[in-house]
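I set out to record what I looked up in this structure. The entries follow in the order in which I made them.

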Amino acid sequence: MKKIILFLNIFLSLNLYANDSLFTIANQDYANQSYLQAIDKYQSILSSGKQSSELYYNLGNSYYRLNEIHQAIYNYEKSLKLNPNFTEAYENLELCNLKLIDKIEKMPEIFYKIYYKNLKNFFPTQWWKTTSLILIWCFAFIYLTKIITNRNFNFLQNTVLVFSLLFFIIYQDISNDSLENKEAIIFSQVIDIMSAPSNQANKLFTLHIGTKVKINDQIENWVNISLANGNKGWVSLKHLKEI
């Protein structure tokens with residue numbers, strides 16, 4: 001059993017080392033303006049199951065250099081999914097959006113929703129989860145200490161409990177957002193948005209490659225989408241790539 005565990009540890013270590021080495025080589029390809037070679041190596045790392053905001057960011061930069069704006073947008077969005085505070089990814093995404101044909105005006109949000117959204121994005125998702133678990137263990141430790149020493153730690157105990165529950169609720173809310181708020185990038189040059197999930201339905205408007213949409217519902221190979229300006233309609237799933 002120990003030999004098996006040792007073998008697995010060695011295998012995992014070699015795999016991580018190989019990915020790190022490949023990432024370094026890919027960065028060198030990018031620095032040498034060999035963008036296609038860099039993309040192949042970044043994609044190879046993703047295929048191995050490893051992902052990070054930096055990896056998607058570098059991949060987005062490579063596609064941007066090749067003027068494949070829709071691919072760059074997709075990867076910057078993936079980077080921001082993992083790290084909402086990645087300033088460089090956000091700035092590059094804004095530059096890409098300026099190059100799009102579709103200029104979508106966002107609907108104004110209620111101020112408290114903006115504040116809460118900023119709070120959720122202030123730390124990465126994993127931070128909220130880890131911190132809430134640490135605080136729960138701290139609460140248990142304080143509670144046991146209070147029983148053993150017969151001292152009054154009620155204020156500290158209740159404070160830790162409140163923050164642990166608050167952070168866990170925020171983590172759960174972020175997790176639900178990622179499951180419920182599905183988004184995608186249009187990967188076809190021009191698509192018609194229909195009034196119903198059928199090619200015979202009325203055409204409502206058109207969208208172009210690179211535009212981000214929210215997926216609301218799906219019926220077979222059709223999805224109902226909405227835009228930041230509130231417009232909705234149906235489109236064939238083959239035209240989209242989910243973030």
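**Entry 1. A serine in a loop**

Does S188 count as buried or exposed, and at what relative accessibility? I noted first that the model is a predicted one. I found a relative accessibility of 17% for S188. Buried means under 20%, so S188 counts as buried. I then located S188 in the loop between β1 (182-186) and β2 (190-194). Leaving aside neighbours within four places in sequence, I listed H208, I209 and H239 as the residues in contact with S188.

**Entry 2. The chain as a whole**

I counted eight helices and seven strands in the protein chain. Of the 243 residues, 34% are buried. Along the principal axes, the C-alpha atoms fill a box of roughly 75 × 50 × 35 Å. I also examined the contacts with a separation of 6 or more, and 53% of these join residues 24 or more positions apart.

**Entry 3. Helices α2 and α3**

I turned next to helix packing. Two packed helices are described by the angle between their axes and the distance between the axes. For α2 (residues 35-47) and α3, I found that the axes come within 9 Å and cross at roughly 150°. Angles over 145 degrees count as roughly antiparallel, and α2 is therefore roughly antiparallel to α3. I recorded the crossing of α2 and α3 as left-handed. On the α2 side, the contact is made by Y35, A38, I39, Y42, Q43, I45 and L46. The α3 side contributes L55, Y56, N58, L59, S62, Y63 and R65. I sorted the residues of this contact of α2 with α3 into ten nonpolar, three polar and one charged.

**Entry 4. Helices α3 and α5**

How do the axes of α3 and α5 cross, and within what distance do they come? For α3 (residues 53-65) and α5 (residues 87-98), I noted a crossing at roughly 25°, with the axes coming within 11 Å. Because that angle is under 35 degrees, α3 is roughly parallel to α5. The crossing of α3 and α5 is left-handed. I listed Y57, N61 and Y64 in α3 as meeting E88, A89, N92 and C96 in α5. The residues of the contact of α3 with α5 divide into four nonpolar, two polar and one charged.

Definitions and conventions
Residues are numbered from 1 along each chain as its sequence is written. This is a predicted model: local features need pLDDT of at least 70, side-chain atom pairs count only at pLDDT 80 or more; totals for chains, interfaces and linings use all residues. Side-chain values use heavy atoms; hydrogens and water are left out. Axes are lines fitted to C-alpha atoms, for helices over the stretch in contact, and angles run from 0 to 180 degrees between N-to-C directions. Helices (H or I, at least four residues) and strands (E, at least two) are DSSP runs, numbered from the N terminus. Angles under 35 degrees count as roughly parallel, over 145 as roughly antiparallel, 65 to 115 as roughly perpendicular and the rest as oblique. A crossing is left-handed if the near helix is turned anticlockwise from the far one by less than a right angle, and right-handed if clockwise. Contact means heavy atoms within 4.5 Å. Ala, Val, Leu, Ile, Met, Phe, Trp, Tyr, Cys and Pro count as nonpolar, Asp, Glu, Lys and Arg as charged, and the others, Gly among them, as polar. Buried means under 20% relative accessible area, exposed over 50%, partly exposed in between (1.4 Å probe, protein chains only).
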